[in-house]
Amino acid sequence: MSKINLSVNLCNIPLNNPGILASGILGTTRALLKRMVENGAGAVTIKSISKEPREGHKNPTVITFEGGMLNAVGYSNPGVEAAAKEFSQLNEIGAPVIASVIGTQKEDFVRVVEGLSAQKFSAIEIPLSCPHTPGFGLLAGQGTPQATFDITAAVRKATSLPIFIKLSPSIPELCSVAKAAEDAGADAITAVNSMGPGMLINIDAQRPILSFKVGGVTGDALRPIAIRCVYDLYQSVKIPIIGVGGISTGRHAIEIMMAGASAFGVGSAIYYRGIDVFKKISDEMAFWMQERGITNINEIVGVAHD
Amino acid sequence: MIEQPIMVKICDIREESPDVKTFFFSKGNLRFEPGQFVMVWLPLLDEKPFAVSYLQNDVAGISVLRRGIFTQSLHDMKISGTFGIRGPYGRGFDLQPGACAVGGGIGMASLATLADRLPDITILQGARTASGIIYQNRFRGMKVCTDDGSLGLRGTVIDLLPEQLKSRTFQKVYACGPEKMLYRVVELCNRYGVGCEASLERYMKCGFGLCGQCDCSGQRVCLDGPVFTSAELSVMEDFGKMEITKAGERVIHK
């Protein structure tokens with residue numbers, strides 16, 4: 001059996017496999033990050049951190065449906081000061097750790113990036129695309145080319161770490177926003193955040209289920225959208241793309257990499273396939289590659305393009 | 001399985017104490033194991049986890065301590081009112097005969113269906129004061145203690161447990177209550193060489209192991225727990241020491 005190589009180099013960050021724990025899923029404590037790495041994640045992303053602590057929306061915040069999940073957690077997080085304490089000694093985690101940083105204005109992003117600068121994060125991810133939290137992301141107009149350029153440029157001045165800009169699948173000007181991020185100095189595009197917002201109503205209670213009423217859609221329903229976004233972005237920007245959205249099997253992972261992703265994020269799939277989902281995906285990718293005589297995963301990136 | 005609340009109708013309400021009411025509802029085809037919990041939803045208000053405290057034929061019940069706005073709203077509900085439930089969630093207790101159950105305050109609710117299934121069980125319940133003791137008619141032989149001595153022995157279950165552990169060999173000790181109490185119950189069980197299972201409480205969001213809100217040293221209390229064995233707890237550094245706030249900050253346990 002020839003040796004299968006799943007390792008990738010993402011913006012000079014070596015990953016032993018291209019699977020990354022997506023932000024907002026189990027990234028609340030260093031103990032959980034460590035557990036995800038022990039269960040096969042190639043890198044992990046912490047739950048998004050803002051300047052001040054936030055309690056987020058009331059429950060229900062996460063529910064599932066036939067085609068995936070709907071969530072409106074509302075960016076609950078302990079704030080940058082507590083986060084800097086929690087995410088210390090990141091070298092013990094066993095894989096690169098990505099800091100997800102949010103803000104209501106560009107100064108906030110800078111403040112959080114600076115507040116986390118003493119910790120050993122490998123990259124900064126900036127989601128400008130949350131569909132369900134007032135003051136942030138889409139609800140604050142951060143998903144326009146101009147706002148994305150301004151925020152990315154401000155963060156660029158504040159850190160030498162690679163910057164990933166996470167985009168919404170629910171905006172028509174996706175590629176121009178990505179180009180704005182690239183022009184402002186972003187090192188990669190994370191595509192995509194949850195889509196929507198969507199809503200689910202309990203017909204017996206005659207009320208929306210989520211306390212915030214609307215939330216972002218993830219899981220299977222998002223996958224074809226995510227594949228298309230990555231495919232389009234691959235033709236629009238030169239920087240690497242991290243594909244996120246409904247990836248739960250090795251075949252899905254290969255699909256999004258063929259669309260143009262250099263690595264991929266996994267979130268909802270932990271619910272569907274368990275905490276060892278990264279191991280399962282890596283095994284499935286290796287099996288698929290073995291059968292076709294492909295030894296290096298990097299060979300498949302973007303091959304779906306003409 | 002789809003994680004969405006289904007609406008159930010309250011078919012009976014029982015006052016267990018001045019501050020605790022049990023709400024009974026038809027459980028349909030849901031199967032519950034002792035120690036599991038449900039997320040209870042009041043539309044547009046909030047959703048919180050509660051142990052299933054009664055399982056009788058087609059009916060299940062949750063015992064609710066009045067503590068804040070959400071539980072007050074539940075206490076205000078009348079028979080034939082409705083609330084949403086989803087679940088059951090979590091890993092429950094591993095049932096063994098010849099056991100002892102140790103409950104502190106409303107923690108007794110998590111142990112109640114276990115005690116129903118194990119007729120020879122020894123039950124110890126502690127509360128601050130007499131009005132905090134629940135299920136006195138349900139478990140006739142229950143040994144009771146209160147901090148102020150207003151009912152049963154004056155003291156806590158930690159004062160009551162050693163003599164029980166000395167007097168006979170239990171196959172297992174089950175515990176639920178304030179985490180400081182659980183910590184000491186586990187310590188005592190380790191000292192007497194008895195296996196222990198403790199049910200932990202954490203602020204929860206999703207209930208199915210995805211959001212990370214209820215982490216305890218890398219264990220998801222909602223899915224990997226809420227019941228943990230003493231061996232598991234021995235490597236969970238946060239047990240008895242740290243909890244996570246609603247905002248997600250790991251702080252020293254009150």
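Contact here means that heavy atoms lie within 4.5 Å, and by this rule 40 residues of chain A are in contact with 37 residues of chain B. The model is a predicted one, in which local features need pLDDT of at least 70 and side-chain atom pairs count only at pLDDT 80 or more, while totals for chains, interfaces and linings use all residues. Residues are numbered from 1 along each chain as its sequence is written, and side-chain values use heavy atoms, with hydrogens and water left out.

Between chain A and chain B an area of about 3,100 Å² is buried, 59% of it given by carbon and sulfur atoms; buried area is the accessible area (1.4 Å probe) that two parts lose on being put together, summed over both. Of the area that chain A buries against chain B, 19% comes from Arg35(A), Asn59(A) and Tyr271(A), more than from any other three residues.

The two chains are also joined by 2 salt bridges, each a side-chain nitrogen of Lys or Arg within 4 Å of a carboxyl oxygen of Asp or Glu. One salt bridge pairs Glu86(A) with Arg250(B), whose closest N and O atoms are 2.6 Å apart.

Terms used:
Chains are lettered from A and ligands numbered from 1 in the order in which they are written.
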